[in-house]
Amino acid sequence: MGQRHQAFAIAKVVAHGATQAKYRCIGAWHHQWCYGRLPLRATRRFLTLLKQKENAALVQYEISSIHGKFGRYGQAWNVDIEPEPNQGGVYFSGTTFNNDLLDASMGSSHGDNNDGISVIDVTDPFNPHYCFVSLGGIEAEAEVEGWTPLTAEQYARAYYPSGKQQEVVETDVLSVIALLDDTKLMTIDMLAEAWPDEYTVPERAPVADREATPPPSSNVDPVPSLVNLALGPAVDAALASGDTSVLDKLVWMPDKAVALRTFLQSKSPFPETGISLLAEIVKQDCQSTEGRIVDLTGLALNSDQVVKVLSELKDIRSLTLPAVPEVTIDTVRLVLSAHTNIQHLTLLNTGVSSNDLGNLIADEPKLFYSIRRLVHPYIFQYHDVDHAKGVRYVSAFTYFSPPGGLSYEPVIASIPLLHPAQVVQALTDALGPSVDPPEFLGSSALFPLIALGTDVREAGRPWRERHISSFPRSCVNAFRGEGWVFLNNMNFNPLVLNPPKGKADEEGDRGEDNASDPPRHLICDFKQFLKVLEDEGRPSPSPEAVEVLDDIFKQLNKNHGVRLITEEEVAEYA
């Protein structure tokens, strides 16, 4: 039963033992009810999410990290909380992530399918390709050619032929088709390269027919200026003498600062005599960027040098540390101790292991109080492979919903970092549709996971342009005394609680309740919860965000009888 559809992400990847990158599938997803206009809307949502700079960087890292080996990849496919013109209303896929995630090594036709597939080339997140494919037939009103790339119009018109629709339907079909007008269509040779056993490139369409990618445009003068030609030797001379002050005045000239940084990036190992010059360049970059961003990518700095370069900077908000093994967990500890306002920290291809990071988060959580987005495999790992290696996964905040509706398993989404603004945003996103819910809302186990893994959106940024901040795990540590839990039962009775602490938890059951026994849990409404976090020294969310969530709770109380859970009721779950 259903209108079954699969979505595939493909990318150019260098296979094990090979030297040339070729297309292969790197992610696959099943949807039980997706046909007609739905795949077009879902593809548009996916592409918008993909093109966000922060999300694109993650995809590019994932692709680079799987060269020469099998990879893993997954993204939210069909979730939308903001009704948009031509994109339908509030929509949930009604499933769990792991339930419908498929093997990336499968054939494109190996799924249970009624209504074709969607394929997206994510090699370049800013220039993706798409197509739909009929796997020998789809359950539509009109026939389409099978085993060949279909445009949005070709696929949609199979279900809604021109001249046979009511005016309102025809208008919507046209607008939905237009959603993909700005995206290139995939070619048959791209499909054949990804799945050579299933697709054939006809003689009339040789491999060379693939649209050539024009060289990137550049505004750089192909003839370097005499100043830039002389800059390299001048930098080398200054580094050799140990006095780079003669170059300081060039740092505040944007074009020269870029040239200076390029020269310094070529130095490996990085010379100590270049630290003061680099510090001035980084200082200028930080002060000239909105959001106070520091990016040390491409610099072969050791741990001590990183600390020195950052020492003169104040109020860093976003930091990318160099992708070198010399950057270790000790570097992270020193940097976060000295710079307490960092909100985004990127640690890719460094010497920081998942085990080191997990232990630091668990043992020194205050270092991470200001962090909203920590980019490291520890945060985005889907499979529990780390568990077998003894990696410690921290549950700072957990969303829990017991089984019910179409979800036969509890919904558990846990994150290792608790930033109040991010949690307020997640609860606002997760609970907002519940105020006046569509009938299928309770069946979506996927959505809380996506909401909790999303960074805070600045005012005016829509849900579809969100930045992915983590991949929450199904971790039950919160029920063993770690972190906070937000419990949402089928009657929409949400709560925030702190699990048992101390000896009461270690000793297990207390036996018969005694009136003198202290409560085993700290049960809070969300404002009390935020006050506890504030007293711990965590940054406060904006008053406007708190007001929005407060109004949602009031509406849930009015419409659905939401109330705070009691100590006795907690025992059912804890």
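Biologist: Which backbone oxygen lies 2.7 Å from a polar atom of the side chain of Thr454?

Modeller: In this predicted model, that atom is the backbone oxygen of Ile450. The cut-off for a polar contact is 3.5 Å, and the distance here is 2.7 Å.

Biologist: Where does Thr454 lie, and why is Thr454 called buried?

Modeller: Thr454 is in the loop that links helix H17 (447–452) and strand E13 (484–488). Buried requires under 20% relative accessible area; Thr454 has 0%, so the residue is called buried. Gln422, Trp463, Arg466, His467 and Ser469 touch Thr454, leaving aside residues up to four places away in sequence.

Biologist: What makes strand E3 (101–102) and strand E6 (184–185) edge strands?

Modeller: The open sheet has six strands in the order E3-E2-E1-E4-E5-E6, with mixed pairing. Each of E3 and E6 pairs on one side only, and they are the edge strands.

Biologist: How do you know that strand E2 (residues 21–31) pairs with E3?

Modeller: Pairing needs at least two bridges, so the count decides. Two bridges join E2 to E3, and the strands run antiparallel. Ala28 has Leu102 of E3 as its bridge partner.

Biologist: Which residues make the contact between helix H19 and helix H20, and how many of them are nonpolar, polar or charged?

Modeller: The axes of H19 (residues 526–536) and H20 (residues 543–560) come within 10 Å, crossing at roughly 145 degrees. H19 contributes Phe526, Lys527 and Leu530, while H20 contributes Val546, Leu549, Asp550 and Phe553. By class, five are nonpolar, none polar and two charged.

Key:
Residues are numbered from 1 along each chain as its sequence is written. This is a predicted model: local features need pLDDT of at least 70, side-chain atom pairs count only at pLDDT 80 or more; totals for chains, interfaces and linings use all residues. Side-chain values use heavy atoms; hydrogens and water are left out. Helices (H or I, at least four residues) and strands (E, at least two) are DSSP runs, numbered from the N terminus. Axes are lines fitted to C-alpha atoms, for helices over the stretch in contact, and angles run from 0 to 180 degrees between N-to-C directions. Contact means heavy atoms within 4.5 Å. Ala, Val, Leu, Ile, Met, Phe, Trp, Tyr, Cys and Pro count as nonpolar, Asp, Glu, Lys and Arg as charged, and the others, Gly among them, as polar. Buried means under 20% relative accessible area, exposed over 50%, partly exposed in between (1.4 Å probe, protein chains only). A polar contact is a pair of N or O atoms within 3.5 Å; within protein, one must be able to donate a hydrogen and the other to accept it, and residues adjacent in sequence count only if both atoms are side-chain atoms.
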